[in-house]
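Please look over the sequence and the model below before reading on. The briefing that follows takes up charged pairs, the sheet and its helices, and a few single residues.

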Amino acid sequence: MIWGEVNLKMDLASNCKYQMFFGRNLNSITCKGLALIVIALFLRVVLLPSFSGYGGIDKNNLDLVHSRSLSLDSDNGIRKDKFLEVPQIVWGLNNQKIAFARACLTARMLNRTLLMPSLSASLFYKEIDRLQPISFDKVFQFERFNSLCNGFVQLGSYSDLRNQTGVYELQKGSGRKWTVERDLDQLKQLSNDPFDGYEVIRIVGKNPFLWHDHWPVKDYAMVFECLVLVDEIAREADRVVSKIREVGKEMSSRSGSAQSDFGPDSSLLEPVPYVAVHMRIEIDWMIHCKKLERKLNVSEICSSKREIMERVGNIVGLKGPTVVYLAVADSLLEDSSILTGWKEGLLPVEKNKLGVDGIYNKYPYLIQSAIDYEVCSKADVFVGNSFSTFSSLVALERTQKMIRMGVTSSCGAGVRWPSYAYNILGESNGPHKWMTNMSDSSLKAISYGSNIITC
């Protein structure tokens, strides 16, 4: 909407007032209607400024990242009588979140409601038949999702189906010849008859994580913000966070020292700050990252245990005593060496040492990852690997928190919710400051560690 169109409506409204002033009999309902249009257009222009990308965020535009008003052009929003069905969503927690968001955005493009998909509770990359399905609403709040994403994307249940038409089944293309352009053309065709007449379009074949990406980072961020854990899982994550802060409080009481510059003051009434480190040093990751370094001809993907410890210890403004929670793979929990060699004043803990392993062990892999994700996202300082999907989505969520607080750069001192990438060398031989570039045109940058705003 441009100001010229607003002025045109205002001229019409003025004309209405002018005619009534001279005693002409203009329909009052028409005048009132014009007045309402003018008010609506004015509010739209004032309250919904355009998003210019993170690189040059205007403070007046900050709230748009959190806005729920990015609806379709249709006055009716997402259709609730047309549906999209997708294959079971698989692999790691954050791969599943990306796949789910991509399915939502595909449904949005088709102006359809996404039928609530099945997630995967277990983690088997190659043995698909061993994947343990789990309903979306066993992990995330269904109604809360629709409330937060109202007008942007919509989830539906199979009970909503009327079965008045057949199901159109679409096989997703694959292989090198199936380009981004061909994929986009296929989706556009589905918006037209006869395909649009079907109540359900069912996409079969590849996991949505492997579909081509057609959407900017800010659209994915909108969907991610609508994902709220069910109360049971959220409470378990809060228990872990409380235990970490309790250990930190005991350390502070014994030492009587000041805490870091990143959290609240040292008042006993304030939560004690902690650092969360997503430590990727397990064997399968090291094999993967070494191959990726050779493929991309770069050297800043893999990090050794020693390098991570040194760089975390060199974070500017980080003072001891501070608890460092290590979010690590189960295969590393028996490796006591990950708890030794840290800078004096930093107390490393993982779920076993913290005594919360019983919380995790009650649940399958997906829920355990969701708990760790919450613990990392709530940390006062987060340090991860910029080539890790888990770390990247945590950094993205924390970037959104910073933007909503009016922070447009992570370069200053004392910034709340800071994130760092330990695989990239930063200030004072510490990890590189990390703020997600919300203006990227696709999520691909997150997969290749390049979605970082530099100071």
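**Salt bridges, sheet and buried sites**

The structure holds 16 salt bridges, a salt bridge being a side-chain nitrogen of Lys or Arg within 4 Å of a carboxyl oxygen of Asp or Glu. This is a predicted model, in which local features need pLDDT of at least 70 and side-chain atom pairs count only at pLDDT 80 or more, while totals for chains, interfaces and linings use all residues. Residues are numbered from 1 along each chain as its sequence is written, and side-chain values use heavy atoms, with hydrogens and water left out.

- Side chains of opposite charge can pair when their charged atoms come close.
- Asp 213 forms a salt bridge with Arg 102, with 3.8 Å between the closest N and O atoms; Asp 213 sits in the loop between strand S7 (200–204) and helix H6 (217–225), and Arg 102 in helix H3 (residues 93–109), so that parts of the chain 111 residues apart are linked. Helices (H or I, at least four residues) and strands (E, at least two) are DSSP runs, numbered from the N terminus.
- Both Asp 213 and Arg 102 are buried, where buried means under 20% relative accessible area, exposed over 50%, and partly exposed in between (1.4 Å probe, protein chains only).
- Asp 196 forms a salt bridge with Arg 112, the closest N and O atoms lying 4.0 Å apart; because Asp 196 is in the loop between helix H5 (180–190) and S7, and Arg 112 in the loop between H3 and strand S2 (113–115), the pair ties together parts that are 84 residues apart in sequence.
- Asp 196 and Arg 112 are both buried, and together with Arg 79 they are linked in a network of salt bridges.
- Glu 225 and Arg 404 meet through their side chains in a salt bridge of 2.4 Å, N to O, and this pair links helix H6, which holds Glu 225, with helix H13, which holds Arg 404, across 179 residues.
- Glu 225 counts as buried because its relative accessibility is 14%, whereas Arg 404, at 35% relative accessibility, counts as partly exposed.

**The sheet**

- An open sheet is formed by 6 strands in the order S10-S9-S8-S11-S12-S13, with mixed pairing; its edge strands, each pairing on one side only, are strand S10 (346–349) and strand S13 (431–434).
- Two strands pair if DSSP finds at least two bridges between them, and from one strand to the next the twist averages 30°.
- Strands S12 and S13 run antiparallel and are joined by 4 bridges, and Ser 419 stands opposite Trp 434 in S13.

**Helices across the sheet**

- Helix H7 (residues 231–255) lies across strand S8 (274–278), strand S9 (322–327) and S10, running at about 150° to S9; axes are lines fitted to C-alpha atoms, for helices over the stretch in contact, and angles run from 0 to 180 degrees between N-to-C directions.
- H13 lies across S8, S11, S12 and S13, and runs at about 150° to S11.
- The 25 residues of H7 should span 36 Å at 1.5 Å a residue, which agrees with the 36 Å between its end C-alpha atoms; the expected span of a helix is 1.5 Å times one less than its number of residues.
- Among the buried residues of H7 are Ile 233, Glu 236, Val 240, Ile 244, Arg 245 and Met 251, and the buried residues of H7 pack against S8, S9, S10, helix H10 (351–354), helix H11 (357–361) and helix H12 (365–377).

**Single residues**

- His 278 has its place in strand S8 and counts as buried at 8% relative accessibility; not counting residues up to four places away in sequence, His 278 touches several residues, including Ala 327, Phe 382, Asn 385, Phe 390 and Tyr 422, with contact meaning heavy atoms within 4.5 Å.
- Ser 386 is found in the loop between strand S11 (381–384) and helix H13 (389–404), and counts as buried at 1% relative accessibility.
- The side chains of Ser 386 and Asn 423 are joined by a polar contact of 3.0 Å; a polar contact is a pair of N or O atoms within 3.5 Å, where within protein one must be able to donate a hydrogen and the other to accept it, and residues adjacent in sequence count only if both atoms are side-chain atoms.
- Trp 417 lies in the loop between H13 and strand S12 (419–425) and is buried, with a relative accessible area of 17%.
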